[in-house]
Amino acid sequence: MNKTSIACIAFKDKKVFIAHRNPTGQMGGRWEFPGGKVEEGETDQQSIVRELSEEFGVTVKVGNQIANATFKHNGDDFSLHAYLVEFPHDGIQKPFTLTEHTEYRWAELAEIPTLNFVDSDLLIYPQVCKALIETLG
């Protein structure tokens, strides 16, 4: 059965929001675009709102889907859908509450390939760059 994961792309001042995963699990200690698995009966949008509420303690606005990819993980087929999201604030003056990550930051797009980034997010990276360049004009 094909499973779906979502990646959340927040963009501000020409920087993209990334988070550093807790050091446990298969992808532990790596950077990622935040997101997670879509639960049964959930839409992608509902999943995004739930995941970011659980992981950062914020309610986000979900925008358009800007990228997608497929990958295998532990023998399962996954579809990865990336959406633009808008945070209520940037998490700098008022820090986000972290449950799945050790830190987060706003990074230059060009930095992403130089970081120890989750493999599945690197699959959508070219599409994310293209979409953000188009969005910014």
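What follows is a working chat about the cores and aromatic pairs of this predicted model.

Biologist: What should I know about the numbering and the cut-offs?

Modeller: Residues are numbered from 1 along each chain as its sequence is written, and side-chain values use heavy atoms, with hydrogens and water left out. The model is predicted, local features need pLDDT of at least 70, side-chain atom pairs count only at pLDDT 80 or more, and totals for chains, interfaces and linings use all residues.

Biologist: OK. How many residues are in the largest nonpolar core?

Modeller: The largest nonpolar core has 23 residues. Such a core is a set of buried Ala, Val, Leu, Ile, Met, Phe, Trp, Tyr and Cys residues joined through side-chain atoms within 4.5 Å; buried means under 20% relative accessible area, exposed over 50%, partly exposed in between, with a 1.4 Å probe and protein chains only. Ile 9, Ile 18, Phe 33, Ile 124 and Val 128 have the most contacts inside this core.

Biologist: Which elements give two or more residues to this core?

Modeller: β1 (3-12), β2 (15-21), β5 (61-73), β6 (76-86) and α2 (119-136) do. The largest share, 6 residues, comes from α2. Helices (H or I, at least four residues) and strands (E, at least two) are DSSP runs, numbered from the N terminus.

Biologist: And what is Ile 18 in contact with?

Modeller: Leaving aside neighbours within four places in sequence, the contacts of Ile 18 include Trp 31, Phe 33, Tyr 104, Arg 105 and Phe 117. Contact means heavy atoms within 4.5 Å.

Biologist: Switching to rings. How many aromatic pairs are there?

Modeller: The count comes to 13. Rings of Phe, Tyr and Trp (its six-membered ring) pair if their centres lie within 6.5 Å; planes under 30 degrees apart count as stacked, over 60 as edge-to-face and the rest as tilted.

Biologist: Why is the pair of Phe 33 and Phe 117 edge-to-face?

Modeller: The ring centres of Phe 33 and Phe 117 are 5.1 Å apart and the planes are at 70°, so the pair is edge-to-face. Phe 33 is in the loop between β3 (31-32) and β4 (35-37), and Phe 117 in the loop between β7 (101-108) and α2, so the pair ties together parts 84 residues apart in sequence.

Biologist: Are those two buried or exposed?

Modeller: Phe 33 is buried, with a relative accessible area of 1%. Phe 117 counts as buried at 1% relative accessibility.

Biologist: Which residues form the aromatic cluster?

Modeller: Phe 17, Phe 56, Phe 87, Phe 96, Tyr 104 and Trp 106.
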